[in-house]
Amino acid sequence: MAEINFSSVLVTGANRGIGLELVKQLLGRPKPPQWVFATCRDPKGAGAQGCLAPIKRGPVVLFPAESTDEGSIKAAAQVAEAHLAGKGLTLLINNAGIMPPSTLDSMTQEDMLSVYHVNVVGPMEVTKAFLPMLMAAAQQSTEKGLSSSRAAVINISSIGGSIGNPPSFRMFPVIAYRCSKAALNMLTRCQALEYKARGILCAAIHPGWVKTDLGTDKPKALRLEQVLACSKGQAIHRSLWEAGS
Ligand SMILES: NC(=O)c1ccc[n+]([C@@H]2O[C@H](COP(=O)([O-])OP(=O)(O)OC[C@H]3O[C@@H](n4cnc5c(N)ncnc54)[C@H](OP(=O)(O)O)[C@@H]3O)[C@@H](O)[C@H]2O)c1
């Protein structure tokens with residue numbers, strides 16, 4: 001894989017699971033980013049403090065962002081902007097997400113809308129709020145073309161939202177989650193089409209089955225390179241759409 005360099009990264013839902021692991025691996029890189037912004041709903045809570053305390057020594061800034069609260073997202077953008085001081089945000093990883101149980105029989109309007117709010121509206125609002133910083137990074141970069149080393153939005157999606165290649169329905173009957181991830185894929189497609197001209201790569205990825213509160217019991221290591229491997233140029237779009245996501 002070509003070397004990826006980014007000077008600043010923001011990860012949502014960074015207090016546990018995949019988000020926390022991404023932050024750890026970003027900080028553990030031989031050349032860590034200058035800024036790693038880690039957002040979560042309750043940075044002062046015991047969970048966030050316990051998980052993030054060991055990595056606080058690095059260039060990590062932890063602050064709140066609630067995906068369903070526009071004011072909270074705007075406030076988060078202001079915190080990042082103050083630290084970046086005009087330098088721009090290289091990489092935004094929209095990771096926060098939920099997967100409550102929901103079957104076709106049990107699901108209510110509220111269930112569907114609340115999952116959609118976190119998994120689709122959240123990434124849409126977060127990306128809008130950080131767009132000026134992503135554009136600044138794209139403009140200031142010496143990189144040509146689209147690249148996560150220049151400016152990128154990575155939406156953490158799921159194969160569960162795939163229309164062309166869906167996992168077995170019986171194995172994975174979380175209807176609201178699956179619909180929300182299909183919508184996130186289309187949001188990503190629209191973002192990619194719109195932001196390409198501004199030098200921003202937009203991609204949705206399935207991280208694989210990872211052992212987290214949301215994920216499977218089967219242990220599997222997550223590598224940052226896996227998540228970002230396909231963040232170079234247009235290849236991501238090809239592989240994603242070929243996979244049917
Ligand atoms: N694990 C897998 O196998 C797998 C597979 C495919 C895709 N994914 C995707 O990967 C992403 C991360 O999943 P995970 O497995 O790491 O799940 P997780 O361990 O349950 O972590 C979810 C994260 O999202 C945050 N979050 C939930 N609701 C939020 C809200 N309203 N506003 C802000 N943050 C919120 C949680 O914060 P709190 O602690 O405050 O709840 C937590 O930090 C999700 O988008 C998921 O769909 C995971």
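**The ligand shell and its setting**

Author: Among contacts in the protein between residues at least 6 apart in sequence, 73% join residues at least 24 apart, where a contact means that two C-beta atoms, placed from the backbone, lie within 7 Å. This is a predicted model, in which local features need pLDDT of at least 70 and side-chain atom pairs count only at pLDDT 80 or more, while totals for chains, interfaces and linings use all residues. Residues are numbered from 1 along each chain as its sequence is written.

The protein has seven helices and six strands, which follow one another along the sequence as β-α-β-α-β-α-β-α-β-α-β-α-α; helices (H or I, at least four residues) and strands (E, at least two) are DSSP runs numbered from the N terminus. Of its 245 residues, 42% are buried, that is, with 20 or more other C-beta atoms within 10 Å of their own C-beta, whereas exposed residues have 12 or fewer and partly exposed ones fall in between, with C-beta atoms placed from the backbone.

Around the ligand there are 29 residues, of which G13, G17, G97, T212 and G215 are the closest; a residue is near the ligand if its C-beta atom, placed from the backbone, lies within 6 Å of it. Helix α1, residues 17–27, supplies the largest share of this shell, with three residues.
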